[in-house]
Amino acid sequence: MPMLIFSSGEGAVLIFREYVVVSKPISVIKGFHAHVYYSENNKNVAKKIREEIGQKFAVRLGQWHDEIVGPHLSAMYLVVFGNSEFNKLVPWLMLNRDGLSILVHPETGNDLDDHTKHALWLGEKLDLNLEKL
Ligand SMILES: [Zn+2]
């Protein structure tokens with residue numbers, strides 16, 4: 001077990017309790033999801049954004065979910081994309097989400113963490129049903 005030892009000018013040795021921060025390497029990210037939320041009132045906006053995403057980016061578009069599904073408490077569709085697409089698609093979504101809420105999350109294999117502490121929200125952050133994760 002690692003230990004931090006510091007020598008002072010008088011030769012005394014101070015031994016601190018172990019303090020190790022374990023960082024997660026980004027190599028645990030196997031890809032990303034963008035969940036694009038909409039309602040009856042702005043489904044036309046969601047449709048326009050979806051069409052442009054399909055034309056401009058290397059993604060897999062999921063089906064429309066007008067009914068709530070999984071942890072999502074609003075209608076939404078899913079956009080699946082690889083790590084190399086992140087820096088193209090996410091800035092585009094920032095500029096073009098047109099008032100929609102979008103949840104961008106990595107896929108690390110831990111669904112709960114990916115939808116909570118690993119999540120990136122564009123626009124208003126919505127509640128999720130975490131019991132479904
Ligand atoms: Zn997802």
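Questions on a predicted fold

Student: Which residues does glycine 99 touch, not counting those up to four places away in sequence?

Tutor: In this predicted model, glycine 99 touches Asn42, Val45 and Gly123. What makes these pairs contacts is that their C-beta atoms, placed from the backbone, lie within 7 Å.

Student: Where is glycine 99, and is it buried or exposed?

Tutor: Glycine 99 sits in the loop between α2 and β6. Its count is 9 other C-beta atoms within 10 Å. The limit for exposed is 12 or fewer, so glycine 99 is exposed.

Student: Why does aspartate 98 count as exposed?

Tutor: Aspartate 98 has 12 C-beta neighbours inside 10 Å. A residue is exposed at 12 or fewer, so aspartate 98 counts as exposed. Aspartate 98 also belongs to the loop between α2 and β6.

Student: What marks the phi of aspartate 98?

Tutor: The phi of aspartate 98 is near 55 degrees, a positive value in a residue other than glycine.

Student: How far from leucine 122 is glycine 99, in sequence and in space?

Tutor: The two are 23 residues apart in sequence, and their C-alpha atoms are 9.1 Å apart. Leucine 122 is in β7, where it is the bridge partner of isoleucine 102.

Student: What makes β6 and β7 a pair?

Tutor: β6 and β7 are joined by three bridges in the antiparallel sense. Pairing takes at least two bridges, so β6 and β7 qualify with three.

Student: Which strands are called edge strands, and what makes them so?

Tutor: The open sheet has five strands in the order β4-β5-β3-β6-β7, with antiparallel pairing. β4 (59–65) and β7 (120–122) are the edge strands, as each pairs on one side only. On average, neighbouring strands are turned by 20 degrees against each other, direction ignored.

Student: At what angles do α1 and α2 run to β3?

Tutor: α1 runs at about 150 degrees to β3 and lies across β3, β4 and β5. α2 runs at about 20 degrees to β3 and lies across β3, β4, β5, β6 and β7.

Student: What makes the largest nonpolar core a core, and which residues have the most contacts inside it?

Tutor: Its 17 residues are buried residues of kinds such as Ala, Val and Ile, joined through C-beta atoms within 7 Å. Ala34, Val36 and Ile102 have the most contacts inside this core. β3 (32–38), α1 (43–56), β5 (75–81), α2 (86–96) and β6 (102–106) each supply at least two residues, and β3 gives the most, with five.

Student: Which residues are in contact with valine 36, leaving aside neighbours within four places in sequence?

Tutor: Valine 36 is in contact with Ala46, Ile49, Met76, Tyr77, Val79, Leu100 and Ile102.

Student: How many helices and strands does the protein chain have, and what is the share of buried residues?

Tutor: The chain has three helices and seven strands, in the pattern β-β-β-α-β-β-α-β-α-β. Of its 133 residues, 17% are buried.

Definitions and conventions: Residues numbered from 1 in each chain as written. Predicted model: local features only at pLDDT ≥ 70, side-chain atom pairs only at ≥ 80, totals over all residues. Buried ≥ 20, exposed ≤ 12 C-beta atoms within 10 Å, placed from the backbone. Helix = DSSP H or I, 4+ residues; strand = E, 2+ residues; numbered from the N terminus. Contact = placed C-beta atoms within 7 Å. Axes fitted to C-alpha atoms, helices over the stretch in contact; angles between N-to-C directions.
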